[in-house]
Amino acid sequence: MPKHFRPAGKKKEGNAAKYITRSKAVNYLQVSLAVFRKLCILKGIVPRVPKKKIEGNHKTYYNMKDIAFLAHEPILDKLREMRTHRRKISKARAKQNRDLAERLLNRQPSYKLDRLILERYPTFIDALRDMDDCLTMVHLFASLPAVEGERVQVDRIHNCRRLSHEWQAYISRTHSLRKTFISVKGIYFQAEVQGQKITWLTPHALQQVLTDDVDFNVMLTFLEFYEALLGFVNFKLYHSINVNYPPILDSRLEAFAAELYALYRYMATNSQPKPITAPTEGENGNEKKMDESDLRLAQLQRQLSTNEPGALMNLLEDSVMKEDEDDEETKECKGVFRNLKFFLSREVPRESLLFIIPAFGGSVSWEGDGSPFNESDEQITHQIVDRPTQGHMFLSRQYVQPQWIFDCVNARVLLPTEAYLVGKVPPPHLSPFVDNEAEGYMPEYAETIERFRLAAKKTVLPLPDTETQDLNDPQSLLAEGVMDRTEANEANEKRKKLEIMEKQYHEELKMEISGATYSSSLADKKTEEKKEDEDTDMVPAEQDNDDLAALSMSRKKRGIYEAIKISKERKKKNVDLLKERKRKAKVSKET
């Protein structure tokens with residue numbers, strides 16, 4: 001009998017036992033394909049790629065253990081119960097029993113996802129690490145039109161809008177926003193919450209169209225899980241800064257579509273630390289707790305008492321966290337727009353700027369109902385506009401384009417407004433997510449921004465008067481932003497020439513003191529030239545050694561080594577291409 005012979009009907013081994021195809025998994029669970037997809041999305045089960053695909057390459061495989069866990073999932077029983085309930089409703093309608101159908105509609109079974117969230121994210125840090133897709137999906141559905149009869153329910157869109165505003169209010173309140181970037185897809189944001197960097201994308205404020213080539217059933221299943229996850233995360237974050245959740249907003253501001261402003265006011269008025277008092281012996285349990293309706297009324301009265309022009313930003317200045325509790329990066333972000341007041345014209349993206357400016361310490365208002373202060377306020381320092389002409393202009397403020405806000409945020413310093421004035425073509429909008437040092441190319445405007453940053457920190461010394469002082473360390477001057485890269489290279493070459501001449505002069509002095517003849521000095525020069533030639537011959541020898549080392553590597557390591565070399569060459573070609581484009585642009589400008 002062969003060694004690996006397995007009689008028919010015996011237990012499977014290897015990949016045949018570890019993995020199962022999707023069709024077999026659906027039959028094993030006795031559910032439809034739509035229910036199977038929903039279960040996999042809610043449980044976080046993804047397809048696997050086995051080393052040896054038993055039933056062909058055209059099929060999707062899942063881990064058998066994951067499918068076995070799905071078979072004992074309580075939500076699966078709930079989904080079956082809901083399917084049975086829908087059949088009862090359709091049967092009652094077919095029999096024209098309207099009373100029974102209405103009673104069944106009012107008693108539909110439901111399920112909660114709190115147990116699944118705790119199962120998938122045992123700690124709060126795990127949930128924060130997986131917030132990128134969650135925030136992107138919620139912000140996407142929050143921008144959809146809330147119209148009855150569409151494929152997305154209006155309540156879901158309103159809920160996504162509420163959750164996204166609550167998240168933005170917390171980020172702005174704690175000054176946790178770090179980077180922003182405007183792209184064709186939308187606006188990228190990056191925040192740092194409890195040491196975790198979270199990046200998400202928000203679409204532009206345009207009319208969204210629901211296309212037919214998108215499977216909204218799958219997206220709505222993801223959204224169902226992400227709504228529950230973001231609700232739990234907001235609850236935890238709000239309680240970390242002593243703010244009650246869910247927030248109770250001013251109905252007047254909600255009617256004016258100023259939910260984010262209403263959240264700012266709510267957090268500012270309800271985030272004070274509660275005094276701890278020792279209970280007396282005569283206090284009863286009923287006296288300790290206020291009635292829920294009375295508490296809500298008191299909170300609303302407290303909010304309405306501060307509904308005055310400028311109340312939002314005055315409240316935002318009263319931060320709960322003390323200065324010594326913030327890290328250096330938070331303090332730096334908090335002071336970018338400090339003591340500045342902004343006014344947004346109606347043509348600029350209001351919600352994104354309402355989120356960014358308070359996150360970096362500024363005061364902001366807009367044109368419309370519910371705004372903190374009017375356009376005629378004399379304390380306004382900057383007005384954000386995006387039209388080439390203005391009907392009336394105030395001499396006490398500066399009119400800049402919206403890109404100036406984003407560039408100042410990324411640079412963490414107030415940039416000059418001359419390049420961002422109305423009617424001018426603004427400078428290139430550089431991405432803060434690109435590491436210029438790692439890419440090997442520093443854009444010209446990035447060097448300019450770096451000089452402004454260092455000048456704002458008062459780390460740049462004035463240019464020295466003497467040339468020797470200027471040429472001592474050009475690399476440090478380049479790093480400090482005193483000179484650009486080309487000037488630094490020229491200064492470095494001059495310094496090397498001066499060092500060679502100085503060394504030659506000292507050698508001639510030593511020879512004169514020792515009494516050496518001219519012929520012996522020539523012989524020494526020839527020996528030095530021979531050594532230099534030997535050094536140049538060592539370069540191809542080193543290349544040969546690298547080739548020999550590559551031959552001695554294993555196939556896997558050699559492939560990794562070749563991939564590294566190819567990536568370096570590709571990066572070098574990209575840098576050369578950018579330099580060539582920059583040179584051609586300069587030539588075209590000069591001509």
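Two strands count as paired if DSSP finds at least two bridges between them. Helices (H or I, at least four residues) and strands (E, at least two) are themselves DSSP runs, numbered from the N terminus. What you're looking at is a predicted model, where local features need pLDDT of at least 70, side-chain atom pairs count only at pLDDT 80 or more, and totals for chains, interfaces and linings use all residues. Residues are numbered from 1 along each chain as its sequence is written, and side-chain values use heavy atoms, with hydrogens and water left out.

Let's start with the sheet. It is an open one, built from 3 strands in the order β3-β4-β5 with antiparallel pairing. At its edges sit β3 (177-182) and β5 (196-202), each pairing on one side only. Look at β4 (residues 187-193): 7 bridges join it to β5. Along β5, threonine 199 is the residue that glutamine 190 stands opposite.

Now for a helix on this sheet. Helix α19 (residues 403-411) lies across β3 and β4, at about 140° to β3. Angles here run from 0 to 180 degrees between N-to-C directions, and axes are lines fitted to C-alpha atoms, for helices over the stretch in contact. Contact means heavy atoms within 4.5 Å.

Next, find helix α9 (residues 132-142) and helix α10 (residues 154-174), which pack at about 125° with their axes 8 Å apart. That makes α9 and α10 oblique to each other, since angles under 35 degrees count as roughly parallel, over 145 as roughly antiparallel, 65 to 115 as roughly perpendicular and the rest as oblique. Among the residues making the contact are Leu135 and Phe141 of α9, plus Ile157 and Trp167 of α10.
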